[in-house]
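Reader: I'm new to this. Could you show me the model, and then we'll chat about the fold?

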Amino acid sequence: MEALKASIDPQRVPGHVAVIMDGNGRWAKEKGEERIFGHSNGVRSVRETLTGCTELGVKYLTLYAFSTENWNRPQEEVNALMDLLVRTLASEMEELMANGVRINAIGDLDSLPTGCRETLFQAMRTSQGNTRITLTLALSYSSRWEMVRMVQHIANEVKDGRLAPEAIDESVVERHLATRGLPDPELLIRTSGEQRISNFLLWQIAYAELYFSPVMWPDFDKAALYTAVLNYQQRERRFGLISEQVNP
């Protein structure tokens with residue numbers, strides 16, 4: 001693993017890494033366990049990924065923790081996931097503070113259970129002065145929810161005469177997204193071998209490099225993260241230009 005880490009160019013580490021944490025349920029099923037067993041073991045992978053990103057100098061890590069569609073899962077699993085979030089934040093807070101982690105969240109946070117929402121907001125307030133890395137949890141989030149909300153906000157500003165339609169540009173749209181203030185991800189990782197985006201940061205990943213790892217989320221560790229970053233560093237990021245313009 002150290003050899004992998006040593007191969008990473010510290011000057012070209014992505015500033016923002018986003019992760020679709022997938023495979024908990026299948027990982028648990030393969031072991032003859034309930035799905036929540038996989039979610040519980042996925043906490044270790046969150047810790048590994050956060051620590052690995054921090055050590056590499058990544059400034060922003062965004063994790064797709066719970067989508068708006070996940071509310072349709074069995075109530076028992078939803079309850080267990082919310083309880084896991086609360087217990088994890090409470091147990092990890094001291095270490096998060098020691099490592100300079102700022103907790104952030106995006107999504108329809110009002111839809112979270114009261115206790116879960118209060119624990120989350122407390123963690124955000126406690127860590128708001130930390131600057132080493134920002135950990136954003138996407139909770140009750142989906143891009144379609146975010147875009148509908150963005151259009152509603154802009155439409156209201158136009159209706160109230162505070163914004164002219166011809167003044168709407170990319171900066172106005174970004175100002176009304178849940179990720180306002182965050183840079184766009186440069187690397188998006190999805191685990192478990194699935195190759196789709198699943199309604200996650202559709203606006204923000206316009207120029208992100210996509211990396212699909214075959215590793216189930218509970219098995220995702222620093223070595224898997226380093227492999228993804230090394231793959232990212234092998235890409236030529238052109239942003240619409242040609243190769244000769246990027247590397248004259």
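**Sheet, helix and rings**

Author: Let's start in the sheet: Ala 105 stands opposite Leu 137 in E4. This is a predicted model, where local features need pLDDT of at least 70, side-chain atom pairs count only at pLDDT 80 or more, and totals for chains, interfaces and linings use all residues. Residues are numbered from 1 along each chain as its sequence is written, and side-chain values use heavy atoms, leaving out hydrogens and water.

Reader: In what order do the six strands of the open sheet come?

Author: Strands here are DSSP runs of E with at least two residues, while helices are runs of H or I with at least four, numbered from the N terminus. Two strands pair if DSSP finds at least two bridges between them. The pairing in this open sheet is parallel, and the order is E3-E4-E2-E1-E5-E6.

Reader: Which are the edge strands?

Author: Look for strands that pair on one side only. That picks out strand E3 (101–106) and strand E6 (209–212).

Reader: How many bridges join E3 to strand E4?

Author: Strand E4 covers residues 133–141, and E3 and E4 run parallel. In general, strands of a sheet pair through backbone hydrogen bonds, either parallel or antiparallel. For E3 and E4, the number of bridges is six.

Reader: What angle does helix H5 make with E3?

Author: Helix H5 takes in residues 114–126 and lies across E3 and E4. Axes are lines fitted to C-alpha atoms, for helices over the stretch in contact (heavy atoms within 4.5 Å), and angles run from 0 to 180 degrees between N-to-C directions. H5 runs to E3 at about 140°.

Reader: Why does Tyr 141 count as buried?

Author: Buried means under 20% relative accessible area, exposed over 50%, and partly exposed in between (1.4 Å probe, protein chains only). Tyr 141 counts as buried because its relative accessible area is 0%.

Reader: And Glu 34: buried or exposed?

Author: Glu 34 sits in the loop between helix H2 (24–30) and helix H3 (35–56). Its relative accessibility is 60%, so Glu 34 counts as exposed.

Reader: Which residues form one aromatic cluster?

Author: Rings of Phe, Tyr and Trp (its six-membered ring) pair if their centres lie within 6.5 Å; planes under 30 degrees apart are stacked, over 60 edge-to-face, and the rest tilted. By this rule there are eight aromatic pairs. One of them is Tyr 64 with Tyr 141, edge-to-face at 6.0 Å centre to centre and 80° between the planes. The cluster is Tyr 64, Tyr 141, Trp 145 and Phe 200.
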